[in-house]
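Work through these exercises with the model in view. Try each task before reading its solution.

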Amino acid sequence: MENFMTYLDETIKTLQEEEQNLISSDRKDEANFVKIKINICDICKTIYAVSAKTHDGAALKQEYIRQLTRLPENWKMSLEKAREHDNVQRIVIEETKLEMLETIKSK
């Protein structure tokens, strides 16, 4: 699973570079969405580190997936509320979180 941590570290690094490029190009709004992705990666990295302290091998993978499955419950509720109120910005934020989490989860 060390490859997984490397994947998260590399993803964070790539996203941070993308964020800086967007900021340099005066595209702050887009940079903010990249920052959301970075935060999701950081959350997933922290959850993995905590899970790795008490589990290993197949049990670690199972526990990590269980934690990731529980994580987006509030995000999904926020997404539904945003859709009810036609809050486009909030919809995009919640969708960005959920998409990034699914990308990490599938890895």
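**Exercise 1.** Which residues of the largest nonpolar core touch the most other members?

*Solution.* Start with the ground rules. This is a predicted model, where local features need pLDDT of at least 70, side-chain atom pairs count only at pLDDT 80 or more, and totals for chains, interfaces and linings use all residues. Residues are numbered from 1 along each chain as its sequence is written, and side-chain values use heavy atoms, with hydrogens and water left out.

Step 1: A nonpolar core is a set of buried Ala, Val, Leu, Ile, Met, Phe, Trp, Tyr and Cys residues joined through side-chain atoms within 4.5 Å. Buried means under 20% relative accessible area, exposed over 50%, and partly exposed in between (1.4 Å probe, protein chains only).

Step 2: read off the residues. The largest core has 28 residues, and Phe4, Leu8, Ile40, Cys44, Tyr64 and Ile104 touch the most other members.

Step 3: find the contributors. Two or more residues come from each of α1 (2-24), α2, α3, α4 (73-84) and α5 (88-106). The most come from α2, which gives nine. Helices here are DSSP runs (H or I, at least four residues), numbered from the N terminus.

**Exercise 2.** Describe how α2 packs against α3.

*Solution.* Step 1: take the geometry. Helix α2 (residues 28-54) and helix α3 (residues 57-70) pack at about 140 degrees, with axes 10 Å apart. Axes are lines fitted to C-alpha atoms over the stretch in contact, and angles run from 0 to 180 degrees between N-to-C directions.

Step 1: classify. Angles under 35 degrees count as roughly parallel, over 145 as roughly antiparallel, 65 to 115 as roughly perpendicular and the rest as oblique. The pair α2 and α3 is therefore oblique.

Step 2: list the contact (heavy atoms within 4.5 Å). From α2 come Cys44, Lys45, Ile47, Tyr48, Ser51 and Ala52, and from α3 come Leu60, Glu63, Tyr64, Gln67 and Leu68.

**Exercise 3.** What does phenylalanine 4 contact beyond its neighbours within four places in sequence?

*Solution.* The partners are Tyr48, Tyr64, Ile104 and Lys107.

**Exercise 4.** Is aspartate 26 buried or exposed?

*Solution.* Step 1: locate the residue. Aspartate 26 sits in the loop between α1 and α2.

Step 1: apply the cut-off. Its relative accessibility is 72%, so aspartate 26 counts as exposed.

Step 2: check the backbone. Most residues other than glycine have a negative phi. Aspartate 26 has a positive phi of about 55 degrees, although it is not a glycine.
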